[in-house]
Amino acid sequence: MTHDPAPTNSGGLPGIPGVPRDHGITDLSEEESLAGRQVALIDLLDRLLNGGAVLTGDLVLSVADVDLVRINLRAVIHSITPDDPAPW
Amino acid sequence: MTTDSRPTGADVPPTPDGPNSLDSPTDPGTTHPATTDPAATVSYVYAISRAGSELDTKAAHLTGLEGGPLRTVTRGELTALVSSVPAGAYSEEGMRARLEDLSELEAVARTHHAVIEAAYATTAALPMRLATVYLDDARVRSMLHERRTDFGDLLAWLDGHIELGVKVYADPREAATAPPAPAPAPASAPAGAGRAYLQQRRAQRRQHRDAYRAAGAVAGAVPDRVSALARARVAHRPQQGELAAGPGENISNEAYLVPVERVAEFRQALAGLADDVPGVQVEITGPWAPYSFATPPTAGAGT
């Protein structure tokens with residue numbers, strides 16, 4: 001791995017520029033959470049489409065169920081690109 | 001071509017104007033008449049927390065989907081963070097169409113997330129899955145009442161915790177740059193070029209295989225290192241496709257529920273895990289609101 005070893009409690013984790021590493025979410029200010037942190041969409045979708053408390057709402061019955069999630073993922077997932085061959 | 005093939009709303013019974021505000025549970029399977037009225041709104045629920053927190057004042061400063069202001073809806077000891085959205089656009093059909101469009105999906109997801117982040121920064125909150133919609137606030141209140149035990153238990157369980165994501169990647173191309181490059185093919189020997197090419201291909205294949213094996217081993221070591229620091233763990237499906245812009249291929253994609261005071265320790269436990277392993281990368285995401293742990297046990301935990 002080429003990333004510099006992250007010292008305890010401080011920055012430098014791969015792929016998350018600008019995210020302070022050493023505090024819990026409890027001390028995020030509103031400004032930071034709304035503007036300062038752009039999380040990767042795919043990480044967000046993992047959580048919003050597979051996680052979260054599932055309730056039987058009144059109108060959107062199947063949005064939360066697996067079928068629609070699959071539809072979303074089909075829209076999102078494309079096959080391995082030609083210059084990125086299968087690993088074996 | 002027939003002109004009368006299922007015009008929108010034709011199968012919806014004649015309706016009173018305005019949302020149905022019956023407090024008694026209605027059959028959740030029925031399409032609500034409000035969807036035919038363009039001005040009608042429904043209540044979109046972002047998160048649930050305990051009543052009496054600062055969320056009431058905070059909500060007034062937040063903006064939800066469609067630019068609508070947030071409000072709190074309270075019943076008993078629980079409060080839901082809610083905003084009004086157009087009934088038509090958030091009907092099952094409307095929602096389905098929008099969520100299949102990646103840019104729409106992203107807009108909805110990011111707004112949903114921003115509200116939950118802000119809420120979670122204020123108080124322990126249970127994030128709802130994307131697109132949880134009720135006919136009106138009265139229905140939200142009855143839902144809070146019906147599920148009060150589940151929600152109370154979950155909030156107590158989640159209190160003081162955040163979620164961290166841990167992903168392990170195999171990156172054979174990075175592995176290929178790590179060891180000394182294979183001896184270059186002698187330029188003066190055309191006959192050797194084919195063999196050199198084959199050797200190079202073989203070496204590449206070996207690097208791929210090794211990187212994947214090493215990544216599997218690193219992924220297996222993650223729970224050993226951090227299980228004692230986490231209250232729970234959920235494995236998500238490894239990420240694939242054009243949105244998976246990580247370094248190489250995602251081998252494992254886990255979420256851990258970690259006490260806030262142990263977050264630093266958690267990161268420390270994983271620091272350096274893959275430093276000496278060429279072609280393997282570990283990425284930690286978060287802190288997140290506990291999305292992956294918000295499913296009541298009765299409804300099945302995570303994936």
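Buried residues account for 44% of the 303 residues in chain B of this predicted model. The chain contains eight helices and nine strands. Of its contacts with a separation of 6 or more, 76% are between residues 24 or more positions apart.

**Confidence**

Chain B has a mean pLDDT of 82, with 80% of its residues scoring at least 70. For chain A the mean is 49, and 20% of the residues reach 70 or more. For the complex, the predictor reports an ipTM of 0.77 and a pTM of 0.72.

| Stretch with pLDDT under 50 | Contacts beyond four places in sequence |
|---|---|
| Chain A, residues 61-72 | 25 contacts |
| Chain A, residues 74-88 | 16 contacts |
| Chain B, residues 1-35 | 33 contacts |
| Chain B, residues 298-303 | 15 contacts |

Where pLDDT is low, the predicted coordinates should not be read in detail.

**Chain A**

Within chain A, confidence is highest in helix 2 (residues 41-50), at a mean of 86, and lowest in helix 1 (residues 30-36), at 41. Nine of the ten residues of helix 2 of chain A are buried, so this helix is largely enclosed by the rest of the structure. The buried set includes the nonpolar residues A:Ile42, A:Leu44, A:Leu45, A:Leu48 and A:Leu49. It also takes in A:Asp43, A:Asp46, A:Arg47 and A:Asn50. Just past the end of helix 2 of chain A, A:Gly52 has a positive phi of about 80°.

**Domains of chain B**

Chain B is split into domain 1 (36-158) and domain 2 (161-299). Taken over C-alpha atoms, the centres of domain 1 and domain 2 of chain B are 35 Å apart. The contact between them involves nine residues of domain 1 of chain B and eight residues of domain 2 of chain B. On the domain 1 side, the elements giving two or more residues are helix 3 (102-122), strand 4 (125-127) and helix 5 (148-158) of chain B. The residues on that side of domain 1 of chain B comprise seven nonpolar, no polar and two charged.

**The largest nonpolar core**

The largest nonpolar core has 87 residues, and those touching the most other members are B:Leu81, B:Ala119 and B:Ala215. Helix 3 of chain B supplies the largest share of this core, nine residues. Domain 1 (36-158) and domain 2 (161-299) of chain B both contribute residues, so the core lies between them. In soluble globular proteins, nonpolar side chains tend to be buried together.

Leaving aside residues up to four places away in sequence, B:Leu81 touches B:Tyr46, B:Ala47, B:Leu55, B:Ala59, B:Leu70, B:Thr72, B:Val115 and B:Ala119.

Strand 2 (residues 71-75) and strand 3 (residues 78-86) of chain B run antiparallel and are joined by five bridges. Together strand 2 and strand 3 of chain B make a hairpin with two residues between them. In the turn, B:Gly76 has a positive phi of about 60°.

All of strand 6 (residues 161-170) of chain B is buried, ten of ten residues, so the strand is largely enclosed by the rest of the structure. Both of its faces are covered. One side carries B:His161, B:Glu163, B:Gly165, B:Lys167 and B:Tyr169, and the other B:Ile162, B:Leu164, B:Val166, B:Val168 and B:Ala170.

Strand 6 of chain B has antiparallel partners in strand 8 and strand 9 of chain B. The pairing with strand 8 (residues 249-259) of chain B extends over ten bridges, and B:Lys167 stands opposite B:Asn253 there. The pairing with strand 9 (residues 280-288) of chain B extends over seven bridges, and B:Val166 has B:Ile284 as its bridge partner in that strand.

Methods:
Residues numbered from 1 in each chain as written. Chains lettered and ligands numbered in written order. Pairing = 2+ DSSP bridges. Helix = DSSP H or I, 4+ residues; strand = E, 2+ residues; numbered from the N terminus. pLDDT = per-residue confidence, 0-100. Contact = placed C-beta atoms within 7 Å. Domains from an automatic or database assignment. Buried ≥ 20, exposed ≤ 12 C-beta atoms within 10 Å, placed from the backbone. Core = buried A, V, L, I, M, F, W, Y, C linked by C-beta atoms within 7 Å.
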